Amino acid sequence: MRDCHREITRWMESLGTHVRVDAAGNFRGVYPAARQNAPRLLIGSHLDTVPNAGAYDGILGVVLAIALLEALRGRRLPFAIEVVGFSEEEGIRFGTPFIGSRALVGRLDEELLEVQDAQGVSVRKAIEKFGLNPAEIPQAELEKDTLGYLEFHVEQGPVLERLNQPLAVVEAIAGQSRMEFRFLGRANHAGTTPMYLRCDALAGAAEWIGVVERAAQSVSGLVATVGKVEAKPGAANVIAAEARLTLDVRHSSDDIRTRVVDDLVRQALEIAARRGLSVHETTLLSQRAVAMDPFLTAEIERAIVETGCEPHRMVSGAGHDAMILAEKVPAAMIFLRTPGGVSHDPAESVAVEDVEKAIECGLHLLDQLASSPEFQKRINRA
């Protein structure tokens, strides 16, 4: 990451920007406005990624932000542009996502700083080892004159490719429920226990997994995933006494999502009772859906039309830094087509012509905002 910051610094300093790394490890570079002390618009994404990742998730949004500054060729706008490369968006090391963007909205608190990785290193200690001072984290918070946040990101799915469209505007980021279920039965010999006398935790869990899939298929826009299953004692000739499963449910409507989750809990209890099992559920995460700013969303849609492309609105099923920034400032997102719909994998890719369209869209958007009476009001109020 230090090498990454060094390289991006080299790119940005040649464009006349002032760069720094804040106390949460976020890279920040400010491109000046036409006048001093003008408010700023943030453009960026995250610089971290997942193990065995591709090259574009997150980092493409930072590179595109810098490309937009380069394309301005020294032209100044009525607002400054701050490029942000967030740290720790994925949450891989500490099991907690959005650490960098939480700092900008004042939610990187003492409790989060004490969260530890697999080696027992806390977030606080990791910040210190990187050469930063956790006591300065409040200085990472957004300036009061921040006008909004824009994020370019690969779609990480197949929708735009199916539509044969290079770009889309994100109108909302789906809410998400993550849970763990434990089906408890009774271990016994697999060869000597008749089927009608079994309390097989794994069989009960398997029946419920089918219920989860059918529920997701019956509700428009819903996705539900059992991504991890562990059986104990885990021997080929022993009936499972315990089956532990994860559940991930997402939808743009929090009401629909919570209603489906409640129904899945009910059906898990019914299956367990019928099979002589017990079941216990634990909620790991309940993240509300986040709507993107209507004004910025409409302006992005207009900018996409200016590139000659058909505008398309969609909901993001994945979480993004934009959902955190939206707590404090207007936020919006632009998706780029992901060939094959592949992401979080070395096969992740992006088409050069789609990147060209994204830069063209971004330039139209900046010009629209610079001349917009509505955005000028926001500038004057900041």
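This is a predicted model: local features need pLDDT of at least 70, side-chain atom pairs count only at pLDDT 80 or more; totals for chains, interfaces and linings use all residues.
F98 sits in the loop between strand 4 (80–86) and helix 3 (99–104). Its backbone also stands out: phi of F98 is near 65°, a positive value in a residue other than glycine. Most residues other than glycine have a negative phi.

## N52: positive phi, exposed

N52 also has a positive phi, near 55°, and is not a glycine. This residue is found in the loop between strand 3 (40–46) and helix 2. Is N52 buried or exposed? N52 has 58% relative accessibility, so it counts as exposed.

## A cis peptide bond

Which residues does the cis peptide bond join? K232 and P233 are the pair, with omega at about 10°. P233 is found in the loop between strand 9 (229–232) and strand 10 (242–251). Most peptide bonds are trans.

## Nonpolar cores

The largest nonpolar core has 44 residues. Those with the most contacts inside this core are I43, F79, I81, L336, L366 and F375. Helix 2 (residues 59–72) supplies the largest share, eight residues. In soluble globular proteins, nonpolar side chains tend to be buried together.

L366 shows what such packing looks like. Leaving out residues up to four places away in sequence, L366 touches L41, I43, L68, L72, L77, F79 and I81. Another core, of 26 residues, lies apart from the largest one. Its members include F183, W208, V212 and L264.

## Salt bridges

The count of salt bridges comes to 29. One of them pairs the side chains of R28 and E82, at 2.7 Å from N to O. R28 lies in strand 2 (residues 27–31) and E82 in strand 4, so this pair ties together parts that are 54 residues apart in sequence. Are R28 and E82 buried or exposed? Both are buried.

E242 forms a salt bridge with R182, and their closest N and O atoms are 3.1 Å apart. Which parts does this pair connect? E242 lies in strand 10 and R182 in strand 7 (residues 175–184), so the bridge ties together parts that are 60 residues apart in sequence. The two partners fall into separate accessibility classes. E242 has 13% relative accessibility, so it counts as buried. R182 has a relative accessible area of 26%, so it is partly exposed.

## A bridge within a helix, and a network

R266 and D263 meet through their side chains in a salt bridge, 2.4 Å from N to O. Where do these two residues sit? Both are in helix 8 (residues 254–274). They are three residues apart there, so about one helical turn separates them. R266 is partly exposed, with a relative accessible area of 39%. D263 is partly exposed as well, at 28%.

Elsewhere, salt bridges that share partners join D22, R28, R40 and E82 into one network.

Technical notes
Residues are numbered from 1 along each chain as its sequence is written. Side-chain values use heavy atoms; hydrogens and water are left out. A nonpolar core is a set of buried Ala, Val, Leu, Ile, Met, Phe, Trp, Tyr and Cys residues joined through side-chain atoms within 4.5 Å. Buried means under 20% relative accessible area, exposed over 50%, partly exposed in between (1.4 Å probe, protein chains only). Helices (H or I, at least four residues) and strands (E, at least two) are DSSP runs, numbered from the N terminus. Contact means heavy atoms within 4.5 Å. A salt bridge is a side-chain nitrogen of Lys or Arg within 4 Å of a carboxyl oxygen of Asp or Glu.
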